[in-house]
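The following report describes selected features of one protein chain. Please consult the sequence and the structure alongside the text.

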Amino acid sequence: MSNTLLNLLADGEFHSGEMLAERLGISRTAVWKQVGRALDNGYPIETVRGKGYRLTGGLDLLSAARIRDLLPDAVQERVQLLVLDETDSTNAEIGRSGHGWSADKVPVCVADMQKEGRGRRGRRWHSPRGENLYLSLGLSFEGGFSILDGLSLVFGVAVAEALQELGVQDPGLKWPNDIFVEGAKLGGILIELRGELEEGWVRVIAGIGMNVHMTDAADVDQNWVSLARLGGHWERNQLVAAILGHLLASVDKFQANGFAAFRDAWQQRDIFFGRPLVATHGDVQGIGRGIDESGHYLLERPDGSLHPVRAGEVSLRVAG
Ligand code: BTN
């Protein structure tokens, strides 16, 4: 798949076969073949006699150079950025990216599409080409596995803050770290562990999926929303840069001060607060009362006691 052809068509305007051939340094027949391959890969290219080719709606291309430009210098120096046309899963890609992760060396992978996008609880994450955000990074933390309850919530707060910075109104968090807007899921975070390293150090792969341009997804079985559906103009490179900036700042703050510094920021966005809830196993019901200092979700039982629920053990849904 030639990215150069797509770059030339990304503006959504008509371009003649002659001009494309000249710019790409190939014959018009070769242009036509590349257009055929792009169509096979799902890009909606229109061909009109006398006008040439047009990518309907234009294309929000991922660009490593543009992402780097948008990152603050301190973040730019820390990340090792890999931008892919396609992959099985960006989380898997980070898992294969070798050793030597550290606070100063954070591998980051963004892809235009995932063939085997992974969601939480073994579910598949719908990952169509060019439409959404698929972003993963590799981090190491001091503190053993016990830090993870809080850490997964910190990621949700960081992503919500990045979205707010870009103008999304009131992004909410569904425990532990789904991003909800207007009652529907906009994005999710998958955290995978890579075993404990030398004493007390754990390696974590954090993957963020967010619906950006998607307007149709027949096979997604939950209530979803995309940034496009919310309205406005969205550029995926800008989202990547904003999310990375907030994530790395939050991770540093978490490593220095622990979860307590994030508890209020999480609670302010809790979409479950005050609602009747049931844990997935169905054995505990109660009213949502936010999180404790470790990031466990609290259910208020009929006798007034608070029952903590751990992420990874159960998930919550609204009762009824
Ligand atoms: C969820 O189920 O809510 C979590 C979804 C996480 C999806 C992202 S997309 C980027 C990264 N790569 C994957 O395979 N999954 C995560």
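## The side chain of D292

The side chain of D292 approaches the backbone nitrogen of S294 to 2.9 Å. This is a feature of a predicted model. D292 is located in the loop that connects β11 (285-291) with β12 (297-300).

D292 counts as buried because its relative accessibility is 12%, and the limit for a buried residue is under 20%. Leaving aside residues up to four places away in sequence, D292 touches F259, R263, L298 and P308.

## The five-stranded sheet

The strands β11 and β12 belong to an open sheet of five strands, in the order β13-β12-β11-β10-β14 and with antiparallel pairing. The edges are formed by β13 (306-309) and β14 (316-318), each of which pairs on one side only. On average, neighbouring strands of this sheet are turned by 50° against each other, direction ignored.

In general, the strands of a sheet pair through backbone hydrogen bonds, in either a parallel or an antiparallel sense. Here, strand β10 (residues 276-279) pairs with β14 in the antiparallel sense over three bridges. Within this pair, L277 stands opposite V318 in β14.

Helix α9 comprises 22 residues (residues 236-257). From its first C-alpha to its last, α9 reaches 31 Å, close to the 32 Å expected at 1.5 Å a residue. The residue that follows α9 is G258, with a positive phi near 80°.

Helix α4 (residues 64-70) contains D69. Is D69 buried or exposed? D69 is exposed, because its relative accessible area is 65%, whereas the exposed class begins over 50%. Although D69 and A241 are 172 residues apart in sequence, their C-alpha atoms are 8.8 Å apart in space.

In soluble globular proteins, nonpolar side chains tend to be buried together. The largest nonpolar core of this model has 66 residues, and L137 and Y297 are those with the most contacts inside it. Another core, of 16 residues, lies apart from the largest one and includes L6, L8, L9 and Y53.

Key:
Residues are numbered from 1 along each chain as its sequence is written. This is a predicted model: local features need pLDDT of at least 70, side-chain atom pairs count only at pLDDT 80 or more; totals for chains, interfaces and linings use all residues. Side-chain values use heavy atoms; hydrogens and water are left out. Two strands pair if DSSP finds at least two bridges between them. Helices (H or I, at least four residues) and strands (E, at least two) are DSSP runs, numbered from the N terminus. Axes are lines fitted to C-alpha atoms, for helices over the stretch in contact, and angles run from 0 to 180 degrees between N-to-C directions. The expected span of a helix is 1.5 Å times one less than its number of residues. Buried means under 20% relative accessible area, exposed over 50%, partly exposed in between (1.4 Å probe, protein chains only). Contact means heavy atoms within 4.5 Å. A polar contact is a pair of N or O atoms within 3.5 Å; within protein, one must be able to donate a hydrogen and the other to accept it, and residues adjacent in sequence count only if both atoms are side-chain atoms. A nonpolar core is a set of buried Ala, Val, Leu, Ile, Met, Phe, Trp, Tyr and Cys residues joined through side-chain atoms within 4.5 Å.
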